[in-house]
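This report describes the pockets of a protein model and the surroundings of its ligand.

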Amino acid sequence: MPEAPTPEASDAGTTAAPPRVLSGIQPTADSFHLGNYLGALRQWVAMQDTHEAFYCVVDLHAITVEHDPELLRRRTKVAAAQLFAMGIDPDRSAVFVQSHVPEHAELAWVLSCLTGFGEAGRMTQFKDKSSKQGTSGTSVGLFTYPILQAADILLYTPDPAAGRPLRVPVGEDQRQHLELTRTLAQRFNHRFGETFVLPDAHIPEGAAKITDLQEPGAKMSKSASSPQGILDVLEEPGPMRKKIMRAVTDTGSEVVYDEEKKAGVTNLLRIYSALEGTSIPDLEARYAGSGYGQFKKDLAQVVLDTFTPIRERTLKLLDDEDHLDRLLARGAERASEVAVRTMETVRERVGFVGRGR
Ligand code: TYM
């Protein structure tokens, strides 16, 4: 039997190569929100210093629910612009649009043939969304969504022999999809030979689940939150301040951390602490006796100090779409180099006949 090529064959033995990081975000809103930023995107920026980074705007995932084509195109560009504006450096990280690298859909097919129907049906995000939409409003794409996500991740596997980890920075809500990805990687390796490194979820402590400002029991979410419950990265300063001042707080007036009795204040404390880098006990001490008003006013300033420069840079990047398109083309080229190689290995291992030359 001929030796199968391994992904990254040329890197074999270069154990000094940095670990890889891969993550994705959907272009399904006019702006990213604070949950995206603290749960995931801030880690994306930090990890590019120590990892070989691949960051993907997942437009294929965005069509699993009904969408408007023009809006999707616009939001994909706005999403990419925000990533660069947050500090993702196109010279170091490959930022790309998922549909520019067709291997994502191809690997998803192969992995879907390894996924049990019941296994896919147990995904809680699918159960939540499909129960709201009913069976006739739910696409098969929504059902297989987590398998496409597994493909996004596993395409960027380092060579398993090289000892390089593959890390995936995400919020808490993605934990189950990461578990499925590991299961599928393991299953593939078991059936067809060691091909994929098992990816590790990289979930931040403290900010893994930012909740809705109006419904502190629920996740801040572009699809489920009301406009008053969500803080957008591209929000204007006036409305941003108002939303924070009107955030649901709890009975009493003490700024103290208590997940059960003070879910609203606790969420605001988590946000403050994550953005300013101050511990929660220090914040409690700073606001002891001063009531919710001052606390919220200061928090609004901290949020604006973070988001205003990102908003300004995003708008500037969107002024020159050709430049933005070129950055994305470069990202896709770098991503393709790895994705094409992984897919060659997968095709060979699965038993597809090579095309000949
Ligand atoms: P998406 O687009 O819904 O969200 C992007 C990232 O933001 C995180 N997040 C949150 N973190 C904390 N608190 C919140 N309220 C909050 N809301 C969202 C999400 O956990 C996510 O990390 N399925 C993914 C997209 C995806 C992906 C991938 C991620 C597709 N392929 C491959 C990683 C690797 C999603 O829907 O993210």
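## Ligand contacts

A nitrogen atom of the ligand has a polar side-chain atom of Gln-149 at 2.8 Å. The protein covers 97% of the 710 Å² of accessible area that the ligand has on its own (Shrake-Rupley method, 1.4 Å probe). Tyr-145 places a polar side-chain atom 2.7 Å from a nitrogen atom of the ligand, and a polar backbone atom of Gly-35 is 3.1 Å from a ligand nitrogen atom. A polar contact is a pair of N or O atoms within 3.5 Å.

The model is predicted: local features need pLDDT of at least 70, side-chain atom pairs count only at pLDDT 80 or more, and totals for chains, interfaces and linings use all residues. Residues are numbered from 1 along each chain as its sequence is written, and side-chain values use heavy atoms, without hydrogens and water.

## Ligand shell

Around the ligand are 28 residues, of which Tyr-145, Asp-152, Gly-171, Asp-173 and Ile-210 come nearest (a heavy atom within 4 Å). By class, this shell has 12 nonpolar, 11 polar and five charged residues.

## Largest pocket

The ligand takes the space of the largest pocket (more than half of its atoms within 2 Å of the grid points). A pocket is an open set of points on a 1 Å grid over the protein atoms alone where a 1.4 Å probe fits, with protein on both sides within 12 Å along at least five of seven lines; lining residues have an atom within 4 Å of a point.

The largest pocket is lined by 49 residues; 17 are nonpolar, 20 polar and 12 charged.

Technical notes. Nonpolar A, V, L, I, M, F, W, Y, C, P; charged D, E, K, R; others polar. Polar contact = N/O pair within 3.5 Å; in protein donor to acceptor, adjacent residues only side chain to side chain.
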